[in-house]
Amino acid sequence: GEEIDRLQRRHVFNMQKLKNSELRLTEAKQKMRDLALNIKMKEELIKALVRTGKEAQSVSRQYSLKITKLEQESEQARMELAETQKQLQELESKELKDIPEKAKLQKDFRKKMDAAKLKVQRQATELEQNVAQMKHQQTQLQKQLCEESEKKKQLEAEIQQDQQKFNVGVFLFLYDKN
């Protein structure tokens, strides 16, 4: 009777141990699924952060090209202005017999010169506005990149922690099983 009693207690004890083990197994599987999902979401977020950084670099390159183009156009307008001024001076220094002809040419050159001056002013204004706009955007992008970089570091640290927790959980589960 004592032997049967001892066997029954041992059986109940082993069944309880088995039930506890199954519970831990189910719990560990759920934690594994949660961690895997968490890691996947954080990796996707990191990919998005990297994309944001690349897009910011692309915008910066486009603005640099636009500024270079505007600077070239502005330089060309200044050269045209200088050429027109030179032609006007040459005309004024010449002794033309036909005074009405000389006056007409001077008037034409002055018109050309005024148009060239206006073009230079407009391009200088446009260039200044673009530079100001780009500096503002650059500041915004720099701020965003710093924030995103910080988020990325945080996420990578969290992923590492999650991975360590997961590894510890698996180890404890396997240790308990034995």
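Biologist: Let's start with D108: what is its relative accessible area?

Modeller: D108 has a relative accessible area of 34% and is therefore partly exposed, the class between buried (under 20% relative accessible area) and exposed (over 50%), with a 1.4 Å probe and protein chains only. This is a predicted model, in which local features need pLDDT of at least 70 and side-chain atom pairs count only at pLDDT 80 or more, while totals for chains, interfaces and linings use all residues. Residues are numbered from 1 along each chain as its sequence is written, and side-chain values use heavy atoms, with hydrogens and water left out.

Biologist: Which side chain meets D108 in a salt bridge?

Modeller: That is K104, at 3.4 Å from N to O; a salt bridge here is a side-chain nitrogen of Lys or Arg within 4 Å of a carboxyl oxygen of Asp or Glu. K104 and D108 both belong to helix 2 and lie four residues apart, about one turn of the helix.

Biologist: How many salt bridges does the structure hold?

Modeller: There are nine. One of them, between K47 and E44 at 3.6 Å (N to O), sits within helix 1, its residues three apart, about one turn of the helix. K47 counts as partly exposed because its relative accessible area is 47%, and E44, at 39%, is also partly exposed.

Biologist: And which distant parts of the chain does the E158 and K42 pair link?

Modeller: E158 in helix 2 and K42 in helix 1 are 116 residues apart, yet their side chains meet in a salt bridge of 2.7 Å, N to O. K42 is buried because its relative accessibility is 11%, whereas E158, at 29%, is partly exposed.

Biologist: Which residues are linked with K42 in a network of salt bridges?

Modeller: E158 and D162 are linked with K42 in that network. D162 is found in helix 2 and counts as buried because its relative accessibility is 8%. Apart from its neighbours within four places in sequence, D162 is in contact (heavy atoms within 4.5 Å) with L35, N38 and K42.

Biologist: Changing topic, how many helices and strands are there?

Modeller: The chain has two helices and zero strands, where helices (H or I, at least four residues) and strands (E, at least two) are DSSP runs numbered from the N terminus. The C-alpha trace spans about 145 × 15 × 15 Å along its principal axes. The radius of gyration of the chain is 39 Å, while a compact globule of 178 residues would have one near 16 Å; the value is taken over C-alpha atoms, and the globule rule is 2.2 Å times the number of residues to the power 0.38.

Biologist: What share of the residues counts as buried?

Modeller: Of the 178 residues, 17% do.

Biologist: Which residues make the largest nonpolar core?

Modeller: Six residues make it: L81, L88, L91, F109, M113 and A116. Such a core is a set of buried Ala, Val, Leu, Ile, Met, Phe, Trp, Tyr and Cys residues joined through side-chain atoms within 4.5 Å. Helix 1 (2-93) and helix 2 are the elements that give two or more residues to this core. A second, separate core of five residues includes I39, L49, L155 and I159.
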